[in-house]
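Trainee: I would like to learn how to read salt bridges in a protein model. Could you take me through them slowly, with the general idea before the case at hand?

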Amino acid sequence: TLFHTTWGAPFLPHDGSKHWRWLDRHYNPHSWLAESQRQCSEAAEPPVQAPPGWACEPGSAWTVVDAPGPESIDGWQYAVDFYIEDSWWELSPAFAHCRRRLWRCSFVRDGEASPASPPSVVTPPRA
């Protein structure tokens, strides 16, 4: 951010649902979140629980993946505000108020061998 390098969850009234740390691509709380907002804000990786009939693919785990556009070595992207359009996100944290990164895990239906594609999780747009 402008005057420091620490990042926290969004807190301003207009941030709305972005107060949550683990969001979908439209900045809504991920539909598979299994924890409270406070617990989610403290989680180091997505606290997502698959619904009945789904399971994490054997050998798969939540990992940071390449996001569209420029990103830091840790997968972070920075912007002045919470943008859905990927072209507004940059590599540099200079003058940025928000950051995000993309996490992914492969899920399968119980008893199936081919992976499914549940909603991706975007890590926090953090102000």
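Mentor: Please keep in mind that this is a predicted model. The general idea is that a salt bridge pairs a side-chain nitrogen of Lys or Arg with a carboxyl oxygen of Asp or Glu within 4 Å. Here, the side chains of R100 and D86 form such a bridge, with N and O 2.8 Å apart. R100 belongs to strand β4 and D86 to the loop between β3 and β4, so the bridge ties together parts that lie 14 residues apart in sequence.

Trainee: Is R100 buried or exposed?

Mentor: A residue counts as buried when its relative accessible area is under 20%, and R100, at 3%, therefore counts as buried.

Trainee: Which other residue forms a salt bridge with D86?

Mentor: That residue is R25, and the closest N and O atoms of this pair are 3.1 Å apart. The pair links distant parts of the chain, since R25 sits in the segment before α1 (37–42), 61 residues away from D86. R25 itself is partly exposed, at 30% relative accessible area. Through shared partners, R25, D86 and R100 are joined into one network.

Trainee: How many salt bridges does the structure hold?

Mentor: It holds 3, and they include one between the side chains of R38 and E42, at 3.7 Å from N to O. Both of these residues lie in helix α1, 4 residues apart, which is about one turn of the helix. R38 counts as exposed at 63% relative accessibility, and E42 is exposed as well, at 56%.

Notes. Residues are numbered from 1 along each chain as its sequence is written. This is a predicted model: local features need pLDDT of at least 70, side-chain atom pairs count only at pLDDT 80 or more; totals for chains, interfaces and linings use all residues. Side-chain values use heavy atoms; hydrogens and water are left out. Helices (H or I, at least four residues) and strands (E, at least two) are DSSP runs, numbered from the N terminus. Buried means under 20% relative accessible area, exposed over 50%, partly exposed in between (1.4 Å probe, protein chains only).
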